[in-house]
Amino acid sequence: MIQCRLIGQNIQRSQSPAFHNELAAKLSIELNYELDEFNTNCTKTLTQHAYQLFEDEIDSANVTYPYKEQILNVADKVDHSAERVGAANTLVKEHGKIVAYNTDYSGFITAFKQFGQSSPGNVVLLGCGGVGKAICFSLADLQATHIAIYDRDLTKMNSLATRLAEAGIDVICLKDSELEQYVNKADGVLNCTPVGHYQTPGCPINPKWLKAQKWVFDAVYIPHETEFILAAQNQSIDCLSGFELFFHQANDAFTLFTGIKASSAELNNFKQIQLAKLR
């Protein structure tokens, strides 16, 4: 029996256990995926907790907000995806070693390619935490024309800008006074903050700023239609739901957990079942 956990905060309504347990059952794989709600501001405490889980209980884990950067301390080996992004959302024990991956990075690329937009164009990304980091690198690899980033935490925003610059990716850090102007001119606007989640409701920007953009993305998927997504839909802007990122990153993680990849037909059918649960 493959034992998996989701480590994070505010995860009680996460769809991850249902995704992994039901897909495993569908494919006749013995796997058990459970939530591990854990609250700490201390990296050492998080590291000790994760080590203990892998020592006593689990083979693999997903990691979500707010631990995606700190969890790298647990890894014996860091895959290219997590190393490039500087954050991980998946840990897998391989030959006795804990390996860190970032399936947010790969999952967003897959989701965007299936979305229908030919290119991201000029984009504004809100939120420079773990998922924001991953998606910035995804956007660069998807040939975004220009990336502007914003976060109220200036240290976090500048740190991400530095990391992107080291990878040869040019970005601009936006001030509060510049945000509206850049959002208005953007082709795409991405919310990678927790704002809009059922425990942190609201819209990350003034919804009146959404007018003529080509597309938006919201990393939040519970609820499925956030205030941000609804504001964009009201302006007939194409919307990429956080569910799409969730589904594709989860599928990539499932393959890492099990070594098995579901067929396209199996995945499409399973996707509709999972999506129906959010509506």
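These are a colleague's notes on the predicted model, taken point by point.

1. Some ground rules. The model is predicted, so I read local features only at pLDDT of at least 70 and side-chain atom pairs only at pLDDT 80 or more, while totals for chains, interfaces and linings use all residues. Residues are numbered from 1 along each chain as its sequence is written, and side-chain values use heavy atoms, with hydrogens and water left out.

2. The sheet. 6 strands make an open, parallel sheet in the order β9-β8-β7-β10-β11-β12. At its edges stand β9 (171–173) and β12, each with a single partner strand, so one side of each has no neighbour in the sheet. On average, neighbouring strands are turned by 20° against each other, direction ignored. Strands here are DSSP E runs of at least two residues, and helices are H or I runs of at least four, both numbered from the N terminus. Two strands pair if DSSP finds at least two bridges between them.

3. From β9 to β7. β8 and β9 pair in the parallel sense over 3 bridges, and Ala148 has Ile172 in β9 as its bridge partner. Helix α7 (residues 176–185) packs on the sheet, where it touches β7, β8, β9 and β10, and its direction makes about 135° with that of β7. Contact means heavy atoms within 4.5 Å. Strand β7 (residues 122–126) pairs with strand β8 (residues 146–150) over 5 bridges, also parallel, with Leu126 opposite Tyr150 in β8. β7 is mostly covered, with 4 of its 5 residues buried. Buried means under 20% relative accessible area, exposed over 50%, and partly exposed in between (1.4 Å probe, protein chains only).

4. Strand β10 (residues 188–191) runs parallel to β11, joined by 4 bridges, and Gly188 has Trp215 of β11 as its bridge partner. Trp215 in turn has Asp238 as its bridge partner in β12; β11 and strand β12 (residues 238–240) are parallel and share 3 bridges. Helix α8 (residues 227–234) lies across β10, β11 and β12, at about 165° to β11.

5. Which residues cover the two faces of strand β11? Trp215 and Phe217 sit on one side, Val216 and Asp218 on the other, and all are buried. As background, side chains in a regular strand alternate between the two faces of the sheet.

6. α1 against α9. The axes of helix α1 (residues 16–26) and α9 come within 11 Å and cross at roughly 50°. That makes α1 oblique to α9. Axes are lines fitted to C-alpha atoms, for helices over the stretch in contact, and angles run from 0 to 180 degrees between N-to-C directions. Under 35 degrees counts as roughly parallel, over 145 as roughly antiparallel, 65 to 115 as roughly perpendicular and the rest as oblique. The crossing of α1 and α9 is right-handed, a label used when the near helix is turned clockwise from the far one by less than a right angle, with anticlockwise being left-handed. On the α1 side Ser16, Phe19, His20, Leu23 and Ala24 make the contact, and on the α9 side Phe246, Phe247, Ala250, Asn251, Ala253, Phe254 and Phe257. By class that gives 9 nonpolar, 3 polar and no charged residues. Ala, Val, Leu, Ile, Met, Phe, Trp, Tyr, Cys and Pro count as nonpolar, Asp, Glu, Lys and Arg as charged, and the others, Gly among them, as polar.

7. Is Asn251 buried or exposed? Asn251, in helix α9, is buried, with a relative accessible area of 7%. Leaving aside residues up to four places away in sequence, Asn251 touches Phe19, Leu23 and Leu267.

8. α4 against α9. The axes of helix α4 (residues 103–113) and helix α9 (residues 242–258) come within 8 Å and cross at roughly 125°. That makes α4 oblique to α9, and α4 passes α9 in a right-handed crossing. Thr103, Asp104, Ser106, Gly107, Phe108, Thr110 and Ala111 in α4 meet Glu244, Leu245, His248, Gln249, Asp252, Ala253 and Leu256 in α9. By class, this contact has 5 nonpolar, 6 polar and 3 charged residues.

9. A loop residue to look at. Phe38 lies in the loop between β2 (31–37) and α2 (43–56), and at 16% relative accessibility Phe38 counts as buried. Not counting residues up to four places away in sequence, Phe38 touches Ile7, Gly8, Gln9, Thr45, Leu46, His49 and Tyr67.
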